[in-house]
Amino acid sequence: MAQIAETYEEEEENESEDRLPSKPDLITHVAVHNMTKQDWQALEPALEDPGGREVMPESMLRDTHYGSEGNIRTATKQGVELISPASPPKGSKQGRLTLEQFELDEEGLVIKCPQGHSPITTSAGPTRFEVPFDPAPCDRCTVRSQCPAYSTARTTEKSRWQYTRERVQTRTRRLRERTDRFQDRYRWRAGVEATMSRLKHQMGLAKLRVRGMAAVSYAVFLRALGLNIHRVAAFLGAT
């Protein structure tokens, strides 16, 4: 498994198509590891490596596998904004209602359910929120089978629902991802897919003739360096 990070330049739509970029996009980080390592574990090294060479980015665009709440906190401590979509909420693919469809106040407590019903009361703990609903209107609700408040800890007196503060933070992220601002910024991540394709086919990473971590790492680093040289040469030739 090879992890690659590169720079990119945002281009304004109203600018001329033949305008030359101010600098070439360059690969700034390469890491090679076993396939047993998860993608989310690769973020911290990707921050430490450029930081040690004084090329720390202001922001990083990563896909869903890298965008855990823990990784966002890690990046923030390094002064880097991690822009990554959150994974889909549990049950959403099965048509269940999720916290994103409930109305919350500024603290994160539920004010209304998707059908407009308010909880009996609300309480906030250090790590969790609790919102009990009156079961009478819930029993008549047409979407009760998809509602997390109806199906969890149900008693004859109330339907109690608990969720964490971290879940509220994730909800905020998912709602922000629907905005045009997020979509406009995140679309630039697609450029790295072209880089991976060039590394595989133009630079020969798709079919290495070596085996072993040391030899493979050496080959990957040299090919990444080679692609950087290609890009700088093309940039200098164009300017």
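Me: Why is helix α7 called roughly perpendicular to helix α8 in this model?

Reply: The axes of α7 (residues 191–202) and α8 (residues 213–238) come within 10 Å and cross at roughly 110°, where axes are lines fitted to C-alpha atoms, for helices over the stretch in contact, and angles run from 0 to 180 degrees between N-to-C directions. Angles of 65 to 115 degrees count as roughly perpendicular, under 35 as roughly parallel, over 145 as roughly antiparallel and the rest as oblique, so α7 is roughly perpendicular to α8. The model is a predicted one, in which local features need pLDDT of at least 70 and side-chain atom pairs count only at pLDDT 80 or more, while totals for chains, interfaces and linings use all residues. Residues are numbered from 1 along each chain as its sequence is written, and side-chain values use heavy atoms, with hydrogens and water left out.

Me: Which residues make the contact between α7 and α8?

Reply: With contact meaning heavy atoms within 4.5 Å, Thr 195, Arg 198, Leu 199 and Gln 202 take part from α7, and Arg 223, Ala 224, Leu 227, His 230 and Arg 231 from α8.

Me: What makes the pair Arg 231 and Glu 6 a salt bridge?

Reply: A salt bridge is a side-chain nitrogen of Lys or Arg within 4 Å of a carboxyl oxygen of Asp or Glu, and the N to O distance between these side chains is 2.8 Å. The pair links distant parts of the chain, with Arg 231 in helix α8 and Glu 6 in strand β1 (residues 2–6), 225 residues apart.

Me: Why is Arg 231 called buried?

Reply: Buried means under 20% relative accessible area, whereas exposed means over 50% and partly exposed lies in between (1.4 Å probe, protein chains only); Arg 231 has a relative accessible area of 14%, and is therefore buried.

Me: Which parts of the chain does the salt bridge of Arg 173 and Glu 69 tie together?

Reply: The side chains of Arg 173 and Glu 69 meet at 3.3 Å, N to O. Arg 173 lies in helix α5 and Glu 69 in helix α2 (residues 69–77), so the pair ties together parts that are 104 residues apart in sequence. Both Arg 173 and Glu 69 are buried.

Me: What makes β7 and β9 the edges of their sheet?

Reply: The open sheet of three strands has the order β7-β8-β9, with antiparallel pairing, and two strands pair if DSSP finds at least two bridges between them. Two bridges join β7 to β8 (residues 128–133). Because β7 (123–124) and β9 (159–164) each have a single partner strand, one side of each is left without a neighbour in the sheet.

Note on methods. Helices (H or I, at least four residues) and strands (E, at least two) are DSSP runs, numbered from the N terminus.
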